Every structure is written in C-alpha cells, then in structure tokens.
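Please consult the sequence and structure shown below while reading.

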Amino acid sequence: MSCHARRVLVVAAACAVTAAAAAEEPALDAFSGLKMTGDWELVRNNCISCHSTKLITQQRGSRSHWLNLIRWMQEKQNLWQFDPDTESRITTYLADNYPPQEDRRRAAIPPDLMPPNPYAQPTTPADQ
Ligand code: HEC
C-alpha cells in the first residue's frame, strides 16, 4: 500500500468518527418531539394518547426511574400493561435518550437571600 493510499484511509476513518459524533444527536420527530432513534416509534405509539410528550421529553431518569413512572401510571392512570419485551425496549429508549442529569435543578437560594416568610412566628412573644 502506498503512503498516499494510507493517508486517504486515515482521513476516511476520521470522517467516519466525525459522522458518528454528529449522529449522536438524533433529529426530533416534528409531531411528538421525541428523538428519532432506536425504538422511538414504540414509545410514540404507547405514550402519546393521554398527555403531551413534553411530560416525557422534560423528564430525565434511569431505567428504574422510568419503570417506576410506568408502574405509577399503570396503577393510577389506566396505562395498559406491556409485555416484558416491549416494556424493556421502552425503558431502554427512555433511559438512553432522557438519562439522569445532575445539573437540572438550580442550587437552593441561600437563606439570607430569601424573601421574608409571611408565616414566620415571632421568636420572642411580646407578652412574656
Ligand atoms: C392511559 C393514559 C397514559 C398513557 C398511555 C401514558 N401516560 Fe404518562 N401520565 C398519565 C397521566 C394521567 C399523568 C399525569 C398527568 C399530569 O400530571 O397532568 C402522566 C404523567 C406522566 C409523566 C410525568 C410524571 C411526573 O413526574 O409528573 C411522565 C414522564 C409520563 N407520564 C410518561 C409516560 C410514558 C413514558 C408513557 C409511555 C410508556 C406514558 N406516560 C403513557 C397517563 C398516561
């Protein structure tokens, strides 16, 4: 193999890596807003009939977090049962694409920057 041919291969490999990196952020489905990757259609088919998909795309969590949400909806919100394979594909899609994220909540406001508490009890009652 000539030196030139080898260089072409290296460039091609680099391009493939770049393409893979670009593919990390999948396009969003115009209707549901779901990331169009993996089993997204399974999630769309099972998760859009009761509420906005914003409830889903704003949420973050591990597989067990997503499974807990599903169990809660099955118990309280009339969500139907899934066969184990479907359930596993749904929670995998959700945990892969909407995984736990550490910095989603702002830090608590320091107490000295909080507005006065209108319900605070006086610390030294006047009649003592
Ligand atoms: C049979 C109806 C129904 C279906 C289908 C359904 N949900 Fe829900 N879900 C609900 C209801 C009702 C709520 C509560 C909505 C509210 O608080 O306004 C809810 C709330 C949620 C929430 C917000 C929970 C929170 O923290 O407040 C998420 C996330 C969610 N659903 C995800 C999903 C996913 C993922 C699917 C598909 C597996 C799905 N839902 C399918 C009924 C359903």
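Angles under 35 degrees count as roughly parallel, over 145 as roughly antiparallel, 65 to 115 as roughly perpendicular and the rest as oblique. The model discussed here is predicted.

**Helices α4 and α5**

- The axes of helix α4 (residues 63-76) and α5 cross at roughly 125 degrees and come within 8 Å.
- The two helices, α4 and α5, are therefore oblique to each other.
- Their crossing, that of α4 and α5, is right-handed.
- On the α4 side the contact is made by Arg 63, Trp 66 and Leu 67, and on the α5 side by Thr 91, Thr 92, Leu 94 and Ala 95.
- The contact of α4 with α5 comprises four nonpolar residues, two polar and one charged.

**Helices α2 and α5**

- Helix α2 (residues 40-47) and helix α5 (residues 84-97) have axes that cross at roughly 105 degrees and come within 9 Å.
- That angle makes α2 roughly perpendicular to α5.
- From α2, Trp 40, Leu 42, Val 43 and Asn 46 meet Thr 86, Arg 89, Ile 90, Tyr 93 and Leu 94 of α5.
- By class, the residues of the contact of α2 with α5 are six nonpolar, two polar and one charged.

**Surroundings of the ligand**

- The ligand is surrounded by 16 residues, of which the closest are Cys 47, Cys 50, Leu 55, Gln 59 and Gln 77.
- At least two residues of this shell come from each of α2, α3 (54-57), α4 and α5.
- Helix α4 gives the most to the shell, with three residues.
- The shell around the ligand holds 10 nonpolar and six polar residues, and no charged ones.

How values were computed
Residues numbered from 1 in each chain as written. Predicted model: local features only at pLDDT ≥ 70, side-chain atom pairs only at ≥ 80, totals over all residues. Axes fitted to C-alpha atoms, helices over the stretch in contact; angles between N-to-C directions. Helix = DSSP H or I, 4+ residues; strand = E, 2+ residues; numbered from the N terminus. Contact = placed C-beta atoms within 7 Å. Nonpolar A, V, L, I, M, F, W, Y, C, P; charged D, E, K, R; others polar. Left-handed = near helix turned anticlockwise from the far one by under 90°. Near = placed C-beta within 6 Å.
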